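Here are my notes on the model. Please read them with the structure open.

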Amino acid sequence: MAACSCSSPTLLPLLFLVSQLLSFSNAQSFIGVNYGQVADNLPPPEATVRLLQSTTIQKVRLYGADPAIIKALANTGIGIVIGAANGDIPAMASSPGFAGQWVGANVIPYYPASKIILITVGNEVMTSKDPNLISQLLPAMRNVYNALNGASLADKIKVSTVHSMAVLSQSDPPSSGLFNPGLADALKGLLEFQKETGSPLAINPYPFFAYQSDPRPDTLAFCLFQNNGGRVDSRTGIKYLNMFDAQVDAVHSALSAIGFKDVEIVVAETGWPYKGDPNEAGPSIDNARAYNGNLIKHLRSNVGTPLMPGKSVDTYIFALYDENLKPGPGSERAFGLFKPDLSMTYDAGLSKSEVPPSGPKAPSGSAWCVPKAGVTDAQLQANLDYVCGHGFDCGPIQPGGACFEPNTLVAHAAYAMNLLYQTAGRNPWNCDFSQTAMLTSNNPSYNGCNYPGGST
C-alpha cells in the first residue's frame, strides 16, 4: 500500500487556511539575516542597505546597536534587531537609569524611521556558566522593557535574549525535548516575563554542528533538506525529513513541557559555512548553497514544522558577510552569503531580480502541482510523508478515500503534492519538492477524485 508513513493526518482548520492567505501578503517577512561586524573589510552601511534592498531579506539582526547602520536602515521598512552586550547586563540589572539611558541612546533617536522590532539582551547567557550573569539577565530585561514602556514603545519593540541549543538537555526525538534541569528556575522566570510581554524565545539551531558530531552521509542529507529516509519520532510516529524542523520542534516540546507552549519561537541564527579547515566535516560551497537555499524554500512554503504547522518561524540566516577577525576554526570566518565587494558568495535564492530557485513559473489560468517524470519511488515517498506529516488532509488517499484508487505511490504523492501547493499559496516555490515537481495546466482529477485547483 502506497500510504503516508506518518501519523494520521487531520483536516486543516479554517483558521489555518486564513492564516496562509494573510501570511502570503508579506511572503518574505520571516527571512532575516545576521549582520556581524567582527571584521576590518566590510562595505559602508549605505552600500549594505542597497544590497539588502535588492534581496527578499526583510529583517536584520545586529549584535550591538551601531548608529551608522541603524541610521542607514531608516525608511527602508526593514525590521531591525539590536543587541545589548553581555557586558552591559550587570549595569542594566542594577540600574533602571542605565537601562533608560541605553534605550535613550540606541532606540529613541532612530525609531520609528528605523524599524527597530526587537532588543536582545545578551547572547547565549544561559549557557555561559556564569551564575552571576544568569541571575542578572531577567532584571536587566525587565529594566529595558520598563524603559521602553516609559517611552510608550513596549507594545512595538519586544525584549528577549538569545539561547544556544545547549539550553536543552534532551532533543532527540523532538517530542522529548527538555530544558536543562539546572537552568529550569532561571528559564521559567525568563519565560514568564516573555509570556507576559509577548516577546519570543530566540534560539540558535545549527544542523551544521549536528552533522559535525555525526558525519554520516544520511545525516548530511537530513541536515541539508535533501532526499533522505527521514527519522521517525518514536513517541509521536511523525517522520522528520530535515534536522531544522527536528531542532525547532525539540524547543517547542521543551516549552510545552514546562507550560509555555504559546511562547513564540524565533531562530536568531542558523547557517552553514562554505569553507573550513581540512579537519572540519561539512563546510563547502555546495553544502552551504544546499542548506541555505533549501531552508529559504522551506520557509517560503509556509508549511511550518510538524508540531507547529501552517506558519514559518522567523529565521535569521548567519550571516550577511564573513567576519575575518573572528577567532576559532576556519569555518567561523566563512558563513557569509555575500562578499565585501557585495557579490554573492553563492546563490541562495535571495535576489529580488530572479525567480525563486524552486521551479518554473506557473502556467496562466488554473494550475496543478504534479511529480516530474522519472522521479524515484524514494523521492515520491519522501514528498508524500512530508505533506501528510505536516497536518494536511490526506484522508482522500487513505483506504476508502475518494482518491485511494489507483493505490499507487505516484498517484498518492501527486495528490499530496498538489494539496500542499494549493493550500500554501500557489507560488512557484510551493511546487518544488527538491526539484521533483512541476506545474501543469492539465487537471489531473479523475472519476470521483477531485484534485483541488486554483487560478494563478
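How far apart do the end C-alpha atoms of residues 367–451 lie, and how much of the span is helix and how much strand?

1. The end C-alpha atoms of residues 367–451 are 11 Å apart. The span is 33% helix and 11% strand. Helices (H or I, at least four residues) and strands (E, at least two) are DSSP runs, numbered from the N terminus. UniProt, in an unreviewed entry, gives residues 367–451 as "domain: X8"; such annotations may be inferred rather than shown by experiment.

2. This is a predicted model: local features need pLDDT of at least 70, side-chain atom pairs count only at pLDDT 80 or more, and totals for chains, interfaces and linings use all residues. Residues are numbered from 1 along each chain as its sequence is written, and side-chain values use heavy atoms, without hydrogens and water.

3. Eight strands form a closed barrel in the order 1-2-3-4-5-8-11-14, with parallel pairing (strands pair if DSSP finds at least two bridges between them). Strand 1 (residues 31–35) and strand 14 (residues 315–317) run parallel, joined by three bridges. Val 33 has Ile 317 as its bridge partner in strand 14.

4. Lys 239 sits in strand 10 (residues 239–240). Lys 239 counts as buried because its relative accessibility is 14% (buried means under 20% relative accessible area, with a 1.4 Å probe and protein chains only).

5. The side chains of Lys 239 and Asp 385 make a polar contact of 3.1 Å (a pair of N or O atoms within 3.5 Å, one able to donate a hydrogen and the other to accept it; residues adjacent in sequence count only if both atoms are side-chain atoms). A polar atom of the Lys 239 side chain also lies 3.4 Å from the backbone oxygen of Gly 229.

Key: Buried < 20%, exposed > 50% of the residue type's maximum accessible area, 1.4 Å probe, protein only.
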